[in-house]
Amino acid sequence: MNSSGSRSVGTARRVSNHSLRELVGPDAGLCRRALGGEVGVALPPFVDHHVHLHLIEEGDLGAHGIAGVLDLGGDPVALAQRPRDSMPRVAYAGAFLTAPGGYPVGRGWAPAACVREVSNPSAHPGVSGGAATAVDEQASFGASVIKVALNAEAGPVPDVPTLTAIVTAARLHGLPVVAHAEGAGMAGAAIAAELDVLAHTPFTELLDHGLILRAVRSGQRWISTLDIHRDDERSRETAAANLAVFVRAGGAVLYGTDLGNGDLPVGVNGRELAALHAVGLRGEELLATLTDPWPRKDRSRGVSTFVPGDPPAGLDDIPAWLSGATVVPTEELIHDDHG
Ligand SMILES: [Zn+2]
């Protein structure tokens, strides 16, 4: 006879773990902080899969919900010198690999240390300008991915033999290849080459559905970066339309903001999440874009996401609710096991 004893004690909250998990999936849990007792929701650590650390105040990331980042273009020497277990947890590409004179050579935000101009497809180590030389160097500095620039709107791009040689060299190191694809035909070239990841949702042109299905079938992931187009209606609508097709076909999407590119909030970007929600990634699927540890195999240990206050009442509330996230030590959260 426990009809009067089944209610949770010490809380007036109307939401149960059951209803919370119906909205955002099994990784979510009601909790309170050991220090101060603030109530909220615990989630796995969040990752921004496209940042440039040398252009931002990274110290603000944790307070605003980002525990891990993937740096997609920086100085490999500086990145290799970071303390291993500092926050945020960092995975990186090292330098951009590009054609001689190609993007982003000469851009103010991309000092020479951040770019390698690959002039030939040589697979031999130590060849000046060779594809293997550039890849080997990033690998030797601890890169987790190789970043290649295919931006035909801003200069020359690697020819097919050179791109193929970069991919082959990356595969020898077990490293996936991430492409910045911009300009007519560039996303198509990245899909044809079966590159592992696109650093941006394709935004130059509406892609043929068959091409998008080919990307999905090859297992290609797309990093979202929708909010960088907020002031460019045409790019914004093109990217959203391409991503909607990719999502409906089952393509894997990673939350990423290109943080360092223009005026973006340092931390969880509610506008990026709202844009992802609008193309059909909702609830548990939206959360998964943030909590996917790729390119790491496992989620960071010892840290969790804490979202203070009441859980969302419905799916449409989730993007704004997630933007209130902060990073906390996991041991600081006391889980509410009721309901
Ligand atoms: Zn970028």
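## Two cis peptide bonds

Pro 104 has its place in the loop between β6 (96-98) and β7 (115-117). In this predicted model, Pro 104 is joined to Tyr 103 by a cis peptide bond, with an omega of about 0°. Tyr 103 also takes part in an aromatic cluster, which it forms together with Phe 96 and Trp 109, and a search of the whole structure finds three aromatic pairs. As background for a reader new to such pairs, two aromatic rings are described by the distance of their centres and the angle of their planes.

A cis peptide bond also joins Trp 294 and Pro 295, and here omega is about 10°. Pro 295 is placed in the loop between α9 and β13 (303-308).

## The zinc site

Which residues coordinate the zinc ion? The ion is held by His 50 and His 52, each through its NE2 atom, and by Asp 258 through OD, at 2.0 to 2.2 Å. Along the chain, the donors of the zinc ion follow the spacing H-x1-H-x205-D.

Are His 52 and Asp 258 buried or exposed? Both of these residues are buried, and for Asp 258 the relative accessible area is 5%, which places it in the buried class because that class covers values under 20%.

## Positive phi angles

Asp 258 returns here for its backbone, as its phi is near 60°, a positive value in a residue other than glycine. Glu 194 is likewise not a glycine and has a positive phi, in this case of about 55°. Such values draw attention because most residues other than glycine have a negative phi.

Glu 194 lies in the loop between α5 (186-192) and β10 (197-198), and, with a relative accessible area of 45%, this residue is partly exposed.

## Packing of the helices

When two helices pack, the arrangement is described by the angle between their axes and the distance between the axes. The axes of α8 and helix α9 (residues 283-291) come within 10 Å and cross at roughly 135°, which means that α8 is oblique to α9. The crossing of α8 past α9 is right-handed, and the contact is made by Leu 273, Leu 276 and His 277 from α8 with Leu 286, Thr 289 and Leu 290 from α9.

For helix α6 (residues 209-217) and helix α7 (residues 233-248), the axes come within 9 Å and cross at roughly 55°, so that these helices, too, are oblique to each other. Their crossing is right-handed, and in it His 209, Ile 212, Ala 215 and Val 216 of α6 meet Asn 242, Val 245 and Phe 246 of α7. Helix α3 (residues 131-140) and α4 pack with their axes 8 Å apart, at an angle of about 35°, and the crossing of α3 and α4 is right-handed. On the α3 side, the contact is made by Ala 131, Ala 132 and Val 135, and on the α4 side by Thr 162, Ala 165, Ile 166, Ala 169 and Ala 170.

## A buried proline and an exposed glutamine

Pro 158 is found in the loop between β8 (146-151) and α4 (160-172), and its relative accessible area of 8% makes it buried. Which residues does Pro 158 touch, not counting those up to four places away in sequence? With that exclusion, Pro 158 touches Thr 98, Ala 99, Val 148, Ala 149, Leu 150 and Leu 163. Pro 158 and Val 148, one of these contacts, are ten residues apart in sequence, and their C-alpha atoms are 8.7 Å apart in space.

Gln 81 lies in the loop between α2 (76-80) and β5 (89-92). With a relative accessible area of 63%, Gln 81 is exposed, whereas Pro 158 is buried. Gln 81 and Val 167 are 86 residues apart in sequence, and the separation in space, C-alpha to C-alpha, is 26 Å.

Conventions
Residues are numbered from 1 along each chain as its sequence is written. This is a predicted model: local features need pLDDT of at least 70, side-chain atom pairs count only at pLDDT 80 or more; totals for chains, interfaces and linings use all residues. Side-chain values use heavy atoms; hydrogens and water are left out. Donors are N, O and S atoms within 2.8 Å of the metal (3.2 Å for Na, K and Ca); water is not among the atoms, so sites may look incomplete. Buried means under 20% relative accessible area, exposed over 50%, partly exposed in between (1.4 Å probe, protein chains only). Rings of Phe, Tyr and Trp (its six-membered ring) pair if their centres lie within 6.5 Å; planes under 30 degrees apart count as stacked, over 60 as edge-to-face and the rest as tilted. Axes are lines fitted to C-alpha atoms, for helices over the stretch in contact, and angles run from 0 to 180 degrees between N-to-C directions. Helices (H or I, at least four residues) and strands (E, at least two) are DSSP runs, numbered from the N terminus. Angles under 35 degrees count as roughly parallel, over 145 as roughly antiparallel, 65 to 115 as roughly perpendicular and the rest as oblique. A crossing is left-handed if the near helix is turned anticlockwise from the far one by less than a right angle, and right-handed if clockwise. Contact means heavy atoms within 4.5 Å.
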